Amino acid sequence: MTAATSRLDAPLPARELVHRWWRPALAVLLVAGAVVWRLVRADLGAPPNLELSTAAAFAAAGLLRHRLAMLAPLVVVALSDVLLGNSSVLVFTWTAWAVIGAGAWWAGRTRGATGRLVAALGLGVGGSLFFYLWTNAGVWWLGRGTFYPEGLDGLLASYVAGLPFLRPMLLGNLVLVPLAAGLVALVARLERAWGAAPAAVAAR
């Protein structure tokens, strides 16, 4: 690995992000697309919980390499909830997205195409399973004694009821998050081809 290539994988300060403006611009477009998708998904007849937030968070982490990328899933859910509304379960859904955002930040910093692909698959599986386990536990907790029995039987019933929502989220993320990793790799490759990033480093 050359010095220029290693610098391409280094954390990006704000000045560098301003110079490479296409990175934050693309991250904003991906987050906006995830918001729009969440608003129109039901009208298009898409499966429930087929979402773009995890992929957008991974791409934002890889493109920005800044801690602010952790906020990407929360921005998506906050903006879309203004129009869609939510319920008391939002405490669990929002905290789940906060954890997924932190996981995306950690995974998105992985260097190398192979490492980034493995991290993307790990985030896709881990994020989907965590969201399923945490939010369905929240649904049971809020509805115990009303919608579900109290105790382990009620919790298991909540998990069984949530299985139709887990499948599309898991399968979608197994495709979309690796695609986000490919997008990040493509941007880095184009920068190397154009000589944009090394020139910016040399100009400091």
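**View 1. Helix 7 and helix 8 pack at an angle of about 155°, and their axes lie 7 Å apart.** That angle makes helix 7 roughly antiparallel to helix 8. Angles under 35 degrees count as roughly parallel, over 145 as roughly antiparallel, 65 to 115 as roughly perpendicular and the rest as oblique. Axes are lines fitted to C-alpha atoms, for helices over the stretch in contact, and angles run from 0 to 180 degrees between N-to-C directions. The crossing of helix 7 past helix 8 is right-handed; a crossing has this hand if the near helix is turned clockwise from the far one by less than a right angle, and is left-handed if anticlockwise. By class, the residues of this contact comprise 25 nonpolar, 7 polar and 1 charged. Ala, Val, Leu, Ile, Met, Phe, Trp, Tyr, Cys and Pro count as nonpolar, Asp, Glu, Lys and Arg as charged, and the others, Gly among them, as polar.

The model is predicted: local features need pLDDT of at least 70 and side-chain atom pairs count only at pLDDT 80 or more, whereas totals for chains, interfaces and linings use all residues. Residues are numbered from 1 along each chain as its sequence is written, and side-chain values use heavy atoms, with hydrogens and water left out.

**View 2. The protein chain has 9 helices and 0 strands.** From the N terminus on, its elements run α-α-α-α-α-α-α-α-α. Helices (H or I, at least four residues) and strands (E, at least two) are DSSP runs, numbered from the N terminus. The C-alpha trace spans about 65 × 30 × 25 Å along its principal axes.

**View 3. Helix 6 (residues 90-108) packs with helix 7 (residues 113-143) at an angle of about 165°, with axes 9 Å apart.** The two helices are therefore roughly antiparallel to each other, and their crossing is right-handed. The contact of helix 6 with helix 7 has 14 nonpolar, 7 polar and 1 charged residues.

**View 4. Helix 4 (residues 53-64) and helix 6 pack at an angle of about 40°, with their axes 8 Å apart.** Helix 4 and helix 6 are therefore oblique to each other, and helix 4 passes helix 6 in a right-handed crossing. In this contact, S53, T54, A57, F58, A61 and G62 belong to helix 4, and W97, I100, A104, W105, A107 and G108 to helix 6. These residues divide into 8 nonpolar, 4 polar and no charged.

**View 5. The largest pocket has a volume of about 680 Å³.** On a 1 Å grid over the protein atoms alone, a pocket is an open set of points where a 1.4 Å probe fits, with protein on both sides within 12 Å along at least five of seven lines; lining residues have an atom within 4 Å of a point. Grid points are joined across faces, edges and corners, and a volume is the space filled by probe spheres set on the points. The largest pocket is lined by 30 residues, of which R38, N49, T93, F131 and F165 lie nearest its centre. Helix 8 gives the most to this lining, with 6 residues. The lining has 17 nonpolar, 10 polar and 3 charged residues.

How values were computed. Contact means heavy atoms within 4.5 Å.
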